[in-house]
Amino acid sequence: MKNFAWSTMDRNKLTQNLEEKHFDLIIIGGGMTGAGICREAALRGLSFLLLDKNDFAFGTSSRSSKLIHGGLRYLGNNQFKVVRESCTERNWLRNHFPNLVRPLAFNLYSYEGYMYSPQKVKIALYLYNKFSDTFSKFKNYAKPKILTREEFLEMEPNIREEGFVMGGYYYDNNVDDARLTLETIKESLFFAKGKSIALNYAKVDGFETNETGKVIGVKIVDKISNQEYSAFGTQVVNATGIFTDEILQSQSKYIRPTKGVHLVIKNERLGNHQAFGLQSKEDGRFYFVLRREKYTIIGTTDTDYNGDLNNPICTKADADYLLDGVNFLFPNAHITEKDIISTYAGIRPLVVDPNAKDAGEVSRKHVIIDHTNGLVSLIGGKLTIYRLMGEDLLYHLVKKNIFPKFPRNHMKKKFSMQPFIVGLKKEEFDNIYSKGERQGIYPKLDDELLEDLHRQYGNQAFEILEDIMKNPEKGKPLIEGNNFCAAEIEWICDHELAPHLLDMVCRRTEISLFVHHTKSQEIASKIATIMGEKYGWDNTRVKEEIQTYVDYVSNWLWF
């Protein structure tokens, strides 16, 4: 998407004459679900208006375990369809978005009286591979492998040896969930060729209806300009996830929100070479220990939640719960609160299931609901199957004759399993970069920074590299110990509709995850200064943006 411009500086142009336009789809909710619907629509020539009351991926879609995975543990709940769907979507994404969706080896293992028996380990790995690759166009990164006790402990020497029996490993994938959401929206806008609009900080504050009470549009409060206006479309879709009940204002409850909490530490402190699934010794709940380059992400909890949906936080009790299990599995690590770089908490939008007593038992299925006023809701599901959810929603609308049938090839299942425009394999990136570096187009940079730029931006990284070539200072780290640089911040300002500092550090980049909390003031000041120069902020605005981020970090600094 060379020279694709979608900047906060041009935001007023997006809202200009909005009431005079008519969209095929108006989608409420700019998370992963809404983004998936946009892509399905755009690939088939439909126009859309995507709206979110906060930033894109503000809620669940930036606060997950950062995984594209098949869900091996769902085999234990007999959710075989969910596993098959998830594996199929996982394999497609890894093949067609290889820089952002990258393989991660997961350990599955057996202790005497803890976790799974050797037989269950072997059966689980066998079944997972079958659900993944049998009759599948796209295959997993590699097949599972069974290891002896000695082989496993040689591979993972820092885990508890006492009672260890055997283990094995399989592959799922790491991802930056917020960037996947954003790139999906950007690609949808690119395919739409100017017919569609995506707006953050645009709150839907009611519906426009015709004389029969059918929803034909939405009333919008623009939280950036403070203007109010309406927009009209053929079909309005609710894809607000955890905010579904808030939007519908119905006596019936559709969502069972559960809280998931994560801790981020340096990988060298724990010493896990691959990812682990872990069962809490306290209550048997399952959570992950995830290798993420130089870091380890620990989580997630899975508990019913009744608090503020906009601002869930990790409490001391949450952290203690996670660390107890980690320190049991890694007895020499002695991880404490002092090792925590950051924490984050998110809410899962699980569909209400009256038969599920425990939050962990609730199905990850997705459901399409036709409301009497013509509104359609897409709820539930999981990050990995967002494409499938969007496809199901679109075909549902075709079956209802909301839209005529698309050309035959566009109606095929999995039509949208196409490569992402910005996707780029590492070897392809290295070849282009090496040639450009020799020709004086790109600067000579250290491998770690190049890997970071490739991973996050794919082929868009070359635009950032060209800027660094013109001004080498922009390629230097903004803060010691991390590779975030001024060139990528400026590029995001020009291309990714990020009006606030929080958008930049929490969703356009992973700064809030990987820059130590003690450096929040320092990194916020540097980035706010860059954004201020781009956007024309005065000193008061710069200070407000910095303080907002510092306050955000302080919400979880119980220690």
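The largest nonpolar core holds 47 residues, and Trp6, Leu25, Phe48, Leu93 and Leu180 have the most contacts inside it. By nonpolar core I mean a set of buried Ala, Val, Leu, Ile, Met, Phe, Trp, Tyr and Cys residues joined through side-chain atoms within 4.5 Å; buried is under 20% relative accessible area, with a 1.4 Å probe and protein chains only. Among the elements that each supply at least two residues are β1 (22-28), α6 (177-192) and α10 (386-399), and α10 gives the most, with seven residues. Helices (H or I, at least four residues) and strands (E, at least two) are DSSP runs, numbered from the N terminus.

Apart from that core lies another, of 45 residues, Phe462 and Tyr549 among them.

A word on provenance. This is a predicted model, where local features need pLDDT of at least 70, side-chain atom pairs count only at pLDDT 80 or more, and totals for chains, interfaces and linings use all residues. Residues are numbered from 1 along each chain as its sequence is written, and side-chain values use heavy atoms, leaving out hydrogens and water.

Now the histidine. His262 sits in strand β12 (residues 255-266) and is buried, at 1% relative accessibility. Its side chain makes a 2.7 Å polar contact with that of Ser65; such a contact is an N or O pair within 3.5 Å, one able to donate a hydrogen and the other to accept it, and residues adjacent in sequence count only if both atoms are side-chain atoms.

Last, how many disulfides are there? Zero, across the whole structure, taking a disulfide as two cysteine sulfurs within 2.5 Å. For Cys314, the closest cysteine sulfur is in Cys506, 15 Å away, so the two are too far apart for a bond.

Note on methods:
Buried < 20%, exposed > 50% of the residue type's maximum accessible area, 1.4 Å probe, protein only.
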